[in-house]
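Here's a quick walk through a few features you can follow on screen.

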Amino acid sequence: MSVNEKAAQAAGAATGPSTVAAATPAPEGWEPKIIGFACNWCTYAGADLAGTSRIQYPPNIRVIRVPCSGRINPQFVVRAFQRGADGVLVAGCHPGDCHYSTGNYFARRRYLLATRFIEYLGVEPERLEVRWISGSEGQKFADTVRELTEKIRALGPQRRLRETL
Amino acid sequence: MLMTIAPDNLKNLLDKLARDRLLVAPSMEDGVTRLKPVHSAAEIAFDYSNTATSIKDFLFPQSEDLLRFVTDGTLSIEEIKPERAQVAFGLRPCDLASVALMDKVLLGGEFSDAHYQTRRNNTLLIGLACENPADTCFCTTYGYNPGWAGAADVMLYKDGDKYLAEALTDKGRELVGGPGEGLFKPADEAAGEAVKKAYAEKDVPFGKEVDVQGIDKILDGFFYDQYWDDISKKCIGCGTCTYVCPTCHCFLLTDEARGGQGLRFRCWDSCMFANYTKMASGANPRPTKKERVRQRFMHKLNYYPNRYGGSYLCTGCGRCVAMCPVGLHIAGVIKDVKGVKAHA
Amino acid sequence: MSAIFTDHQAALRDEVRKLLTDGTIKGFIGYARGRDSYHPAPAIVTRPDQVDGLILDQFCIFGLTKYLLDYIFEDGKMGIVAKGCDSLALQRLITDHRVSRDKVHVIGLPCAGVINAEKVAQLGLGNVQKVTDKGASFLVEGDKGSRELAKTEYLWDKCLWCEHHNPAVADSKLGPEVENVAMKPRDYSDIEAMENLPPAEKAAYWTRQFSRCIRCYACRNVCPACNCRECVFDIADPRWVGNTVKLSEQQMFHFTRAWHVAGRCVDCGECERVCPMELPLMKLQHKLQKDIVKLFGNPKPFEPSEVEVLGQFRATEDPEEFM
Amino acid sequence: MPESPLIPLVGTIDKITSETAASDIKTFQVSFDDPAVMDNFNYQSGQCAMLSMFGVGESMISITSTPTRKGVIEFCIKKTGRVTDAIHEAVAGQKLGIRGPYGNHFPLEMMKGKNLLFIGGGFALAPLRSLINNVLDNRKEYGRIDIVYGARSPGDLCFKYELFENWTKYENTGVHVTVDRGDDKWTGPVGFVPPYLESLNPSAKDSVAITCGPPIMIKMVLQSLSKLGFADDQVVTTLEMKMQCGVGKCGRCNVGGKYVCVDGPVFTLTQLKQLPPEF
């Protein structure tokens, strides 16, 4: 960056399209950081099963347990991206299986809309994954995390929504 | 000493300045002309009545880092100083006048604001007199005029196909003799003075409509008037007027910390926001729109002139006139108060 | 369609004076002259002597209904003038249980479209004296000149595809209803064009827009769907959006604001219109709207309903993409 | 020293004393880490300082210690908001930021030789304590001293060691404590401060009344003082406003044309009556 651009960035001002995301290559040794929001009753149990079954999956995911996929406000997703996540997994019970009967149906509507909206703001769609993973689907959890990690590794670090402090 | 500079030479000069410091200039983006950092003269808009945002953005930015702290176990504080050099081009007389008003608050009194002082020192202000004041401009109300140079280091006046230029400070003379060497030509003094006079006497129609004379004294006894009740009802409590104002200077301090370290910022705040004076206990001395609206106009037209001697905290830039979503602006209030007073 | 708001100005004043005098209402929310003849400003009058300051003209665009929230804890009724679009906003507030219908006296204003003052003010017509409806155009006569302005070019965009010319909520109406047809179909082509851009270009576009934001909250404060008792942005703990003005916070702010009214936006366009930095905020709402129409088969998500789009689901009919 | 007045200096919490039964009010003794700063920290009774809990924010707190006892800086803080919550969570030895002192101070010159009547309520005894200890340390220079203090309950009384042990030892000094509601151990007076004050019937002659407390108490106390014959310029009080900068720049603590942070917090009733009622 030129003196100007650095200064402009310091002023909190736009520095024009030239500085937008992607252009900068991933730093040496970079590993994708993925935040996984998992519902307590299905996906978290699924993740647990993956562990107890000794299914290997990349250590790039940090799981946050929530009561229900209906609890996962899309704001959480944007916050995760803001605070440094390169990818986000939102996961809950299959439709029809919600512990609270209908939470995941609401989540489904919300994320049908939110995934499109976040993409519209210029985040690569691959970075936000929504999946129904039941308590018996340890393998599916591991596969999902592996696929997501590889997709994000190919994309590089997420800088679009990331804060600079 | 008066000089002239050709538009191409001016662009060369600005390009040259942009190489080693931040160049701030009016630039049009998505239909909005505002002061923003630009990389070269090619991005600059030369034809505009006024910018949507003011020089305040760069002397007293909306968010400014004050210090960096580390809190893991112990505590260390490191002051952050705004050391970059910047040059602001294309400032209108209202903005140039606003700098002096801000100086009184931020540099005056027992405590001087070091961050603001540093930015003031590091910033070269290049003014540009107004060829076509907008419908909302009323600088003449306060005794300023379309050619007012105020805090400018160098003042430019468009004169036909060239610019008349005057270096007003040492910083300005350094610019003319340094990076500007060979770009400026001496001007005919008499003709130059005539150009300046023509700008100073240029008609500002809205300015004629707004007469501020004596409003500070009128407002001394106006605090309890029904007027504030009536007028404040339409305020929607947004911060537009305060944020686009070149003289509003209220701020808050805020911390952001992640993992044992963080920054403290100074950010603009607005007296129009409900939480502005709300205390931790929940008490709020200005609980409704009435008190907040009254505060803003009393501050500009009464408290400030009483405290800092004479001038009002407004330069007639007209930004609030143009941008207030509900037409609740200072020119209207001045007219109303005088009208209310005349009838009372 | 030939009705001009100004024709009803006298009737409005009479009615408001009567309502104030007989105590039906304690105050009236209408319009008064603003800084010039193109920019009428909202005005709230409480005394009969203020009524002659009320105006109605073809530039009266400001959606007034949000002001009703200032009076919900007070006794008595407020009067308000509402166009078709404003009545949707009013329905929003009523549906959200923020304003009680019996505390509002609505004077309905059938509307054939509001002239975009920002466009007309550029034409140098001077002080506007008279506006006449010529069917497909308005004749605007000012003291410095007159122009016949095609409605398709000089109305606000939202008026062109408006299907709510007559107020849905009203206690009385000013003049006869106007023909309720859109001048052109609702058009999402700009949204589609944006969707088709590669991520980096979308990002560049929104970065440019959001970095211009000064966080004055005018968009929030004017929005009839932003009617929470305490706004998430005013809560200090947890603080979802920091005070600092930097791109990531601006994005968080605009994402949150847009998302909070997803499926509840009445498409009044006030957020975008009042924005001092001219951010294309309706491009966010239109995107959400377009997807709601497509995904959930709700043809008019901007019409308030008891159960909002994101507050309901259809177990088998909703699209399934997350298997 | 930092160039900007907005940059705090590093200090340490040396000692924490819980004042009330509920522990919602604590007194914090702090010191600057730089001994030179500690030596040069000169303040007067009534002044405040800005305390920083980094990552949370800053709060303006009145200094409750007296400048006559050098080397001790104390703040009495009630747990009310985010910053004070964070301070209350602190343990002795923890670091914090301090900047100040700010504001004006109690007008000692005008009090010399006069009888002094202190009226405090709740934890607003904090700024008065600084002044009380200040005048008691120079006991001979003043006439009779009466301290009238009230709190909601015996458990809510602050500075009990001062009220019941230290201050009562001085000659010609009366300490009068009341509570809104007593408990089974409380044998003293019960009732609000204003009627209690009136029942004590202090003489207004050659006296200065200094009052500090919650807004409603102040309002009633001012009425009582007026009934007792105190003129406006014999009454001194303090104002509280939200503050950010403390140095007269940030613009929010003004009451009319006065900034509480630099022109206050101490005002005489005469001055107060010239201000609009926005506090």
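## Helix H1 of chain C

Helices (H or I, at least four residues) and strands (E, at least two) are DSSP runs, numbered from the N terminus. This is a predicted model, where local features need pLDDT of at least 70, side-chain atom pairs count only at pLDDT 80 or more, and totals for chains, interfaces and linings use all residues. Residues are numbered from 1 along each chain as its sequence is written, while chains are lettered from A and ligands numbered from 1 in the order in which they are written.

Which residues of H1(C) are buried? They are Leu12(C), Glu15(C), Val16(C), Leu19(C) and Leu20(C); buried means 20 or more other C-beta atoms, placed from the backbone, within 10 Å of a residue's own, and exposed means 12 or fewer, with partly exposed in between. These residues sit on the same side of H1(C) because they cover an arc of only 130° around the axis, taken from the directions from the helix axis to the C-beta atoms. On the face turned away, you'll find the exposed Ala10(C), Asp14(C) and Thr21(C).

## What the buried side packs against

The buried residues of H1(C) pack against several strands of chain C, including E1 (27–32), E4 (78–82) and E5 (104–108). Contact here means C-beta atoms, placed from the backbone, within 7 Å.

## Over to chain A

Chain A has 5 helices and 4 strands, running α-β-α-β-α-β-α-β-α from the N terminus. Of its 165 residues, 53% count as buried.

Notes
Two residues are in contact if their C-beta atoms, placed from the backbone, lie within 7 Å.
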